[in-house]
Protein chains: 2
Amino acid sequence: MSGTDHAKAAEWGGPQPAVILVEPQMGENIGAAARAMWNFGLERMRIVNPRDGWPNQKAVTMSSGAARVIDAVQVTQTTEEAVQDLNYVFATTARGRDLTKPVVTPERAMEQARAMVAEGQNVGILFGPERSGLENPDIARANAIISVPVNPAFASLNLAQCVLLLAYEWRRQQGDAAPEVLELAGTKHAEAIEIQKLSETLEARLESVGFFWPDHKAESMVTNLRNMISRMPLTQADVRMFHGVIKSLADKHPKSR
Amino acid sequence: MSGTDHAKAAEWGGPQPAVILVEPQMGENIGAAARAMWNFGLERMRIVNPRDGWPNQKAVTMSSGAARVIDAVQVTQTTEEAVQDLNYVFATTARGRDLTKPVVTPERAMEQARAMVAEGQNVGILFGPERSGLENPDIARANAIISVPVNPAFASLNLAQCVLLLAYEWRRQQGDAAPEVLELAGTKHAEAIEIQKLSETLEARLESVGFFWPDHKAESMVTNLRNMISRMPLTQADVRMFHGVIKSLADKHPKSR
């Protein structure tokens, strides 16, 4: 992905929600979740009662590049212990239909998390085991349920994908993503004088071959041409190339022909 | 994930961007990309010169559940052919640094795509081969580059994850994700009369055990208690349970004690 040049490393890190994996089964999925987190700057992972114990070599291997997340994992035996210092807990789940609980989108959830974290509150997001998802006793510990708006005909997000979407939304809510920029590749935006000279050169060449005809339309033709050129986001390199193009074309239509 | 109950199937489908995989190497990744798309309702996949030919059994196997995407794939030999009917093309890439091109976030890109698709324009998103990403000649065919705001210290999105984030953003831009709702699990919000009776019952019980004391603070204590109860989002089931709790507790503090 592009964009790494735009982000400032110093803006990453800092207070953030904890990602809590409840009874994950496969070490590979723990590692993939760590990578998904770290892609968007999340690094607080907690694991409740991992099936294959801890540390887990498969998690370490799969987390390649995101080792700092795995190295700092906090493991607890129960969900109760994992959430005890949290002020607000979200549960990601497809279940919990028999519990009364607010249901929010990832967007709203991370918007809310941003506000709470900014106030110094400790926020966590619960993710259930790969196949079964969170059980009701764990969902009951959460303040709200996060619902990803997936296709009702096909809802197949795996653990790491679900973590990825939440981490992405957390990052997006920081609001410092680069706005649209023009990648300039070593050149600069042309200055107005350069654009003006380009227009004049082009007009002169076109004039010389009788382009602005009939006479009563010439003025509006010139205006339209200038307008077209002025709304093009031309760089200095573009302007040089454009001059070359005009010259090449025009030299095949000498005035004397 | 929850949320499938909120979405209306009829709102899915319809005009949408094409996802164009340029020279993908692994059939598994094609299948995973198809699943990522269909999770958020995208189903127009095009593939340019797949390394292992087409059809690809591994793609079919991995796409399990999203077969409709694989079944409808359009395969071309060149990127030029794949984009020829498109009005606007986005390129997802970490490269292209030596090309002058607008760079946008997934959010802005899909916002723009939504507007263009709504006008009847045909939009596509190019994804490069797994390891190398898009080459400059392909990036040059795009109108803009999509940059995912990943962690500068760790940018490791794979093909299917990148497709997933774009598909998620496309869906998010449709703006019909369920707002926050309270999952009521078979019960209803309590009526005001039920809340009032609950307050009265609680107050009577508390009064009987001398809770509202000293006398000059009694009135404000009652007000605070009523206020606390009235701002709780109680359901009819909650109210019944609450009555049970009060009764149970109060029966251990008989007035006569």
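Biologist: How many residues does helix α5 of chain B have, and how far does it reach from its first C-alpha to its last?
Modeller: In this predicted model, where local features need pLDDT of at least 70, side-chain atom pairs count only at pLDDT 80 or more and totals for chains, interfaces and linings use all residues, I use heavy atoms for side-chain values, without hydrogens and water. Residues are numbered from 1 along each chain as its sequence is written, with chains lettered from A and ligands numbered from 1 in written order. Helix α5 (residues 106–118) of chain B has 13 residues and reaches 18 Å, close to the expected 18 Å, which is 1.5 Å times one less than its number of residues. Helices (H or I, at least four residues) and strands (E, at least two) are DSSP runs numbered from the N terminus.

Biologist: Which of its residues are buried?
Modeller: Among them are Met110(B), Ala113(B) and Met116(B), where buried means under 20% relative accessible area with a 1.4 Å probe, protein chains only.

Biologist: And what covers the buried residues of α5(B)?
Modeller: The cover includes α7 of chain A, along with β4 (88–92) and α7 (159–174) of chain B, counting contact as heavy atoms within 4.5 Å.

Biologist: New topic: why is the pair of Phe40(A) and Tyr168(A) edge-to-face?
Modeller: Their ring centres are 5.5 Å apart and their planes stand at 75°, so the pair is edge-to-face; rings of Phe, Tyr and Trp (its six-membered ring) pair if their centres lie within 6.5 Å, with planes under 30 degrees apart stacked, over 60 edge-to-face and the rest tilted.

Key:
Buried means under 20% relative accessible area, exposed over 50%, partly exposed in between (1.4 Å probe, protein chains only).
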